[in-house]
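Open the model in a viewer and keep the selection tool at hand. The stops below say what to select next and what is there.

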Amino acid sequence: MCDAFIIGGSAGSLDVLLKVLPEIQPDIPFPIIIVIHRKHGADSLLPDLLSSRTKLIVKEADEKEKIVAGTVYIAPSDYHLLIEMDRTFSLDYSEKVNYSRPAIDVTFQTAAEAYKNKLVCLLLSGSNADGVKGLKTVKAWAGKAVIQDPESAQVAYMPEQAKKHVEIDRILRIEDVAEFINLLR
């Protein structure tokens, strides 16, 4: 059973999301939270772009917002996205982690404590090791760690680092991601 599905990615991950989101069933019983490295002020149209590809509600996460199933939340640019124990969001402007804000590690780590063994995290394409420490924390709380197959990643470094340093539960090709999500009921 899955209470939350979190996707982290950097360079090359937007292309994966644009292929995967249209195939996700609109009645999924959990939220999807997306943390993508993006520049401050850039990609302000990202929620609209992703929304045009899916029947799910897509929105940027807001401070103290209750996390609701069947919604796709996007970490705002230039803020770390934290998951609180009451399963609401907090936005944080502290220093960058892995040269990034939002940092994937921050979201994965805080979500691991809140969702424990009912959390599934997917790390996509990217050019730094952000997400690796977060996946270790997810595993420590008995959640599931999933990565994009490095061979299918536009930039393989991020999933390769996870594969090297974390006990991975599944390695998915791009064409298998949506089916994996849809079967997580």
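Buried means under 20% relative accessible area, exposed means over 50%, and partly exposed is in between (1.4 Å probe, protein chains only). Helices (H or I, at least four residues) and strands (E, at least two) are DSSP runs numbered from the N terminus. This is a predicted model, in which local features need pLDDT of at least 70 and side-chain atom pairs count only at pLDDT 80 or more, while totals for chains, interfaces and linings use all residues. Residues are numbered from 1 along each chain as its sequence is written, and side-chain values use heavy atoms, with hydrogens and water left out.

**Stop 1**

Select H6. Its buried residues are Ile174, Val177, Ala178, Phe180, Ile181 and Asn182. Among the elements that cover them are S1, H1, S2, S7, strand S8 (144-148) and strand S9 (170-172).

Now show the largest nonpolar core, which has 31 residues. Such a core is a set of buried Ala, Val, Leu, Ile, Met, Phe, Trp, Tyr and Cys residues joined through side-chain atoms within 4.5 Å. Phe5, Ile24, Ile32 and Leu50 have the most contacts inside this core. Elements giving two or more residues to it include strand S1 (4-9), helix H1 (13-20), strand S2 (32-36) and helix H6 (174-182). H6 gives the most, with 5 residues.

Select phenylalanine 5 next. Leaving out residues up to four places away in sequence, it touches Phe30, Pro31, Ile32, Ile33, Val120, Leu122, Phe180, Ile181 and Leu184; contact means heavy atoms within 4.5 Å. Apart from this core lies another, of 29 residues, among them Val35, Ile67, Ile83 and Ile147.

**Stop 2: helices H3 and H4**

Select residues 104-115 (H3) and 132-140 (H4): the two helices pack at an angle of about 10°, with their axes 7 Å apart. The axes are lines fitted to C-alpha atoms, for helices over the stretch in contact, and angles run from 0 to 180 degrees between N-to-C directions. H3 and H4 are therefore roughly parallel to each other, a term for angles under 35 degrees. On the H3 side the contact is made by Asp105, Phe108, Gln109 and Ala112.

Which residues does alanine 112 contact, leaving aside its neighbours within four places in sequence? They are Leu119, Thr137, Val138 and Trp141. Alanine 112 counts as buried, at 0% relative accessibility.

**Stop 3: two buried polar side chains**

Select serine 90, in strand S6 (residues 89-92). Serine 90 counts as buried at 8% relative accessibility. Its side chain makes a polar contact with the side chain of glutamate 84 (2.5 Å). A polar contact is a pair of N or O atoms within 3.5 Å; within protein, one must be able to donate a hydrogen and the other to accept it, and residues adjacent in sequence count only if both atoms are side-chain atoms.

Glutamate 65 is in the loop between strand S3 (57-60) and S4, and is buried with a relative accessible area of 15%. Its side chain reaches the backbone nitrogen of aspartate 62 at 2.9 Å.

**Stop 4: backbone details**

In the loop between S6 and H3, select proline 102. The peptide bond from arginine 101 to proline 102 is cis, with omega near 15°. Asparagine 98 is in the loop between S6 and H3; its phi is near 55°, a positive value in a residue other than glycine.

Finish at alanine 142, in the loop between H4 and S8. Alanine 142 has a positive phi of about 75° and is partly exposed, with a relative accessible area of 46%.

Conventions
Angles under 35 degrees count as roughly parallel, over 145 as roughly antiparallel, 65 to 115 as roughly perpendicular and the rest as oblique.
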